[in-house]
Amino acid sequence: MKGSKIILSAGIIALLIPRLLIAIEPLPAVPYPAENPPSEAKRILGKILFWDEQLSTDNSIACGSCHLPSANGADKRIGLEPGFDKKLNTPDDILGSLGVVARNKLGEPVKHTVFKHNPQVTNRSAQSFFSGLWAEHNFWDGRAGPEFIDPRSNQIAIFSGGALENQALGPLMSSTEMAKKGQTSKEVIAKLSQAKPLALASNLPKDIDLALANEPSYTELFAKAFGDNQISLKRIAFAIATYERSLVADKTPWDIANSGQHKLPYLENLGWEFFQQSGCEQCHKPPLFTDNKFYNIGIQGGNTDAGRKQISLQQIDLGAMKVPSLRNTGLKITYMHTGQFTTLEQVIDAYADVPFEDMATKMPNGDDYNFQFTEYQRKALVAFLKNSLTDKRVKEASFPFDRPKLRSEIKEFLQPIGVKNLKVSVNADNLVEISWEDFTQQHTGFDLEIVRNDGRHYWATQSPFQDINTETGQSYQYQVFTRNAQLQRSTSTTLHVTVAHNFSWLALIIILLASIILVMIKRRN
């Protein structure tokens with residue numbers, strides 16, 4: 001067996017006389033920052049936002065697309081990223097997550113140097129956010145820190161404990177993950193204010209179905225959560241983070257055994273013993289099964305991702321990555337920030353093979369790394385990791401880990417349809433307004449793609465759509481398409497409109513001047 005070495009001392013003794021599970025402190029309560037206290041209205045808004053593909057520029061991906069509970073809050077959609085050498089199909093390729101097609105500032109698709117016109121791939125694997133509930137820093141390199149700055153006011157909105165809020169906004173504005181190049185907060189807010197919540201999703205969980213029973217708009221949902229209908233990036237982050245903090249996977253067999261309610265099965269209990277004896281718990285410390293710190297364990301060799309050093313600027317952090325929690329790790333389909341391993345057996349073998357003696361890194365307690373297992377130890381350890389640390393609710397996506405079916409998961413192909421009663425006008429605010437007959441009830445996963453003659457692209461699900469980027473005195477032409485769940489477009493319908501100069505301000509001035517003249521005449525008389 002590759003990477004595993006025979007040890008005849010501690011392992012054999014442990015096989016013959018396994019120790020009982022020694023009680024450890026249970027999971028601590030999830031900390032909420034004082035500036036973002038929990039509420040049910042905020043949680044349900046966050047859940048809706050997390051699973052809404054309309055939060056992306058082109059309606060193609062949701063936060064949850066890369067963070068499925070059934071994959072331990074990570075991704076089942078895997079793509080190749082070229083890694084250090086910037087060449088695909090070479091040994092340093094990264095198994096990352098699929099993002100969005102590259103688009104310029106207008107939203108036009110552009111040819112990517114690596115991915116062409118296909119979805120881009122992230123340069124690290126998607127990390128489970130479940131363990132981030134207790135972390136001071138999130139992401140593999142820890143760039144989402146505890147202090148949260150309001151993007152609008154540039155003032156501190158959370159002084160401590162805001163890592164989840166920071167994490168929520170990262171992908172939303174990333175031109176690889178969810179956005180076009182140069183995405184602005186104004187565009188995100190305008191799009192969301194016009195969107196029908198979860199219009200592209202189906203099979204809604206009960207709590208979401210209840211919240212959307214009266215078909216509220218996003219502005220109404222924000223009003224329930226925050227007291228007024230203002231939508232902002234800060235509030236989007238606050239709502240998503242509140243939802244994420246409700247996802248506490250604390251009902252694993254290990255948790256139940258640790259509470260004294262029952263014992264782990266024999267083989268899994270042995271695995272738990274080997275887990276402690278081998279030093280795994282030095283970094284994957286129970287009950288979180290992570291210490292939320294950063295280490296370089298040498299799996300990339302010389303062509304390493306700079307990792308934590310990119311944030312700390314300290315040479316000692318070169319290649320260091322955040323320790324992931326092992327809770328629900330048996331549900332993942334790739335491991336490490338590179339995604340290079342696809343089974344837990346491969347991970348264990350890799351730890352046995354890594355030349356730790358060539359590295360300055362030691363375990364947190366100062367001991368040298370020594371991950372060497374017998375075949376039976378390896379089997380028991382895998383059984384413990386796969387079964388004892390898996391919360392059934394996460395695996396089965398039951399409440400609070402339930403979710404809607406995303407548009408991108410629809411397999412049934414329906415031919416894109418034409419738009420009925422399509423009209424264009426200029427509204428009272430002098431904005432171009434496009435209206436149509438609603439088709440989302442009959443055609444799940446359908447939306448509109450609207451292309452303006454200057455190349456600007458929009459995507460909409462709810463009539464009417466307002467173009468916030470028009471100017472008075474200008475004429476516009478729009479090509480309007482419907483798109484099905486597979487993002488295939490219908491034939492287009494062309495609309496023409498001119499935004500006339502708005503002389504209402506001039507009329508007000510004339511009326512005001514006339515009133516002043518009348519007053520002066522009366523005074524003279």
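How much space lies in the largest cavity? About 370 Å³, going by this predicted model.

**The largest cavity**
- Two cavities of 30 Å³ or more turn up in the count, and the largest of them holds about 370 Å³ of space.
- Its lining is made up of 26 residues. If you want to find the centre in your viewer, look for Glu187, Ala190, Lys191, Tyr458 and Trp459, the lining residues that lie nearest to that point.
- Helix 4 provides the largest share, with six residues.
- Sorted by class, the lining of the largest cavity has 11 nonpolar and 11 polar residues, along with four charged ones.

**The second largest cavity**
- The volume of the second largest cavity is about 60 Å³.
- You can trace its lining through Ala71, Ala74, Asp75, Ile78, Ser97, Ser125, Ala126, Lys332, Ile333 and Thr334.
- By class, that lining divides into five nonpolar, three polar and two charged residues.

- The partner of strand 1 is strand 2 (residues 94–97), and the two pair in the antiparallel sense over four bridges.
- Within this pairing, Glu81 stands opposite Ile94 of strand 2.

**Helix 9**
- Helix 9 runs through residues 266–277, which makes 12 residues.
- From its first C-alpha to its last, helix 9 reaches 17 Å, close to the 16 Å expected at 1.5 Å a residue.
- Is helix 9 mostly covered or mostly uncovered? Mostly covered: nine of its 12 residues are buried.
- The buried residues are Glu268, Asn269, Leu270, Gly271, Trp272, Glu273, Phe274, Phe275 and Gln276.
- Glu268 and Glu273 are both on that buried list, as are the aromatic residues Trp272, Phe274 and Phe275.
- After helix 9 comes Gly279, which has a positive phi, near 95°.

Methods: Residues numbered from 1 in each chain as written. Predicted model: local features only at pLDDT ≥ 70, side-chain atom pairs only at ≥ 80, totals over all residues. Heavy atoms only, no water. Expected span 1.5 Å × (residues − 1). Buried < 20%, exposed > 50% of the residue type's maximum accessible area, 1.4 Å probe, protein only. 1 Å grid on protein atoms, 1.4 Å probe; cavity = no way out; pocket = protein on both sides within 12 Å on 5 of 7 lines; lining within 4 Å. Points joined across faces, edges and corners; volume = space filled by probe spheres on them. Nonpolar A, V, L, I, M, F, W, Y, C, P; charged D, E, K, R; others polar. Pairing = 2+ DSSP bridges.
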